[in-house]
Amino acid sequence: MNWYDAFGNLAFILVAFSLLAKDILWLRVLSVVSSCCAIIFNYNAAAMPLWTPIRWNLFFISLNIYHISKILLAKKKVILTEKQEEIYQWFFRDLSKVEFHKFINAGHFENVKANTVLTSEGKEVHDLWLIYSGKIDVLKNQVKVSELKDGQFLGEMSFLSNLPATATAITHFDTEVIR
């Protein structure tokens with residue numbers, strides 16, 4: 001095996017690893033390195049450089065560098081408030097901070113007084129709530145069947161299915177939610 005064959009094999013190995021990457025940033029970084037190895041291989045593998053694959057790899061490198069810079073700039077711009085950072089650390093660490101920032105900014109923090117009805121059994125649900133602090137009683141046929149607390153969602157099934165609420169939800173005491 002020639003020294004440049006190692007670059008050819010490495011290019012394909014890196015492509016395989018990039019396809020296994022869960023993080024899009026790592027996928028793109030591995031793709032750039034793979035394309036660099038492919039360029040070295042295609043320049044040296046034949047008597048004359050193989051310009052068609054070299055040019056395509058240069059194009060792929062430029063695309064990936066563009067997207068890498070967008071990802072890094074987006075990450076740099078994400079500034080979370082203290083509450084948002086706390087919610088992110090508690091429940092959403094599997095999301096990137098960019099994804100979480102988009103999610104959390106789709107709603108707003110709201111203070112709800114005690115004994116406020118948020119959903120009524122059999123009625124449409126137009127909102128989705130994430131409980132930041134507090135408790136919400138869930139009643140079915142006026143009997144308490146559950147209690148929701150910090151970090152739990154309210155209204156997700158009805159919100160997603162466009163079906164009426166299957167239970168009534170009432171704040172137990174003053175509760176802060178993201179609506």
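# A guided tour of the model

The structure holds 7 salt bridges. It is a predicted model.

**Stop 1: a bridge across the sequence**

Select Lys 83 and Glu 176. Which atoms are closest here? Lys 83 and Glu 176 form a salt bridge, and their closest N and O atoms are 2.4 Å apart. Lys 83 sits in helix H4 (residues 82-91), while Glu 176 sits in strand E8 (residues 175-178), so this pair ties together parts that are 93 residues apart in sequence. Side chains of opposite charge can pair when their charged atoms come close.

Now show the surface. Is Glu 176 buried or exposed? Glu 176 is buried, because its relative accessible area is 12%, and buried means under 20%. Lys 83 is partly exposed, at 31%.

**Stop 2: a network of charges**

Next, select Lys 135, Asp 137, Lys 144 and Glu 147. Salt bridges link these four residues in a network.

Zoom in on Lys 144. One of its partners is Asp 137: the two side chains meet in a salt bridge, 3.1 Å from N to O. Another partner is Glu 147, and that salt bridge is 3.0 Å from N to O.

Look at the cover over each residue. Asp 137 counts as buried, at 14% relative accessibility. Lys 144 counts as partly exposed, at 44%. Glu 147 is partly exposed too, with a relative accessible area of 29%.

**Stop 3: helix H2**

Move to residues 24-44, which make up helix H2. How many residues does H2 have, and how far does H2 reach? H2 has 21 residues and reaches 30 Å from its first C-alpha to its last. That is close to the 30 Å expected at 1.5 Å a residue.

Color the buried residues of H2. They include Leu 25, Val 32, Cys 37, Ala 38, Ile 39 and Asn 42. Leu 30, Ser 31, Ser 34 and Ser 35 are also among them. What covers them? The cover includes H1 and helix H3 (51-77).

**Stop 4: Arg 28, a charge without a bridge**

Stay in H2 and select Arg 28. Arg 28 is buried, yet it has no salt bridge. Which side chain of opposite charge is nearest to Arg 28? It is Asp 23, and it is 8.9 Å away.

Now select what Arg 28 touches. Leaving out residues up to four places away in sequence, Arg 28 touches Asn 64, His 67, Ile 68 and Ile 71.

**Stop 5: a nonpolar patch**

Go to helix H1 (residues 3-20), and pick Ile 13. Ile 13 is partly exposed, with a relative accessible area of 44%.

With Ile 13, they form a nonpolar patch on the surface. Together the four have about 400 Å² of accessible area. An α-helix has 3.6 residues a turn, so residues three or four places apart point the same way.

**Stop 6: Val 117**

Finish in strand E2 (residues 117-119), at Val 117. Val 117 is partly exposed, with a relative accessible area of 43%.

Which residues does Val 117 touch, not counting those up to four places away in sequence? Val 117 touches Thr 168, Ala 169 and Ile 170.

Last, select Ile 136. Val 117 and Ile 136 are 19 residues apart in sequence. In space they are 9.3 Å apart, C-alpha to C-alpha.

Key:
Residues are numbered from 1 along each chain as its sequence is written. This is a predicted model: local features need pLDDT of at least 70, side-chain atom pairs count only at pLDDT 80 or more; totals for chains, interfaces and linings use all residues. Side-chain values use heavy atoms; hydrogens and water are left out. Patches are made of residues with over 30% relative accessible area and no salt bridge: like charges are joined within 9 Å, nonpolar side chains (Val, Leu, Ile, Met, Phe, Trp, Tyr) within 5 Å. Accessible areas come from the Shrake-Rupley method with a 1.4 Å probe; for residues, only the protein chains shown count as cover. Helices (H or I, at least four residues) and strands (E, at least two) are DSSP runs, numbered from the N terminus. Buried means under 20% relative accessible area, exposed over 50%, partly exposed in between (1.4 Å probe, protein chains only). Lys and Arg count as positive and Asp and Glu as negative; His and the chain ends are not counted. Contact means heavy atoms within 4.5 Å. The expected span of a helix is 1.5 Å times one less than its number of residues.
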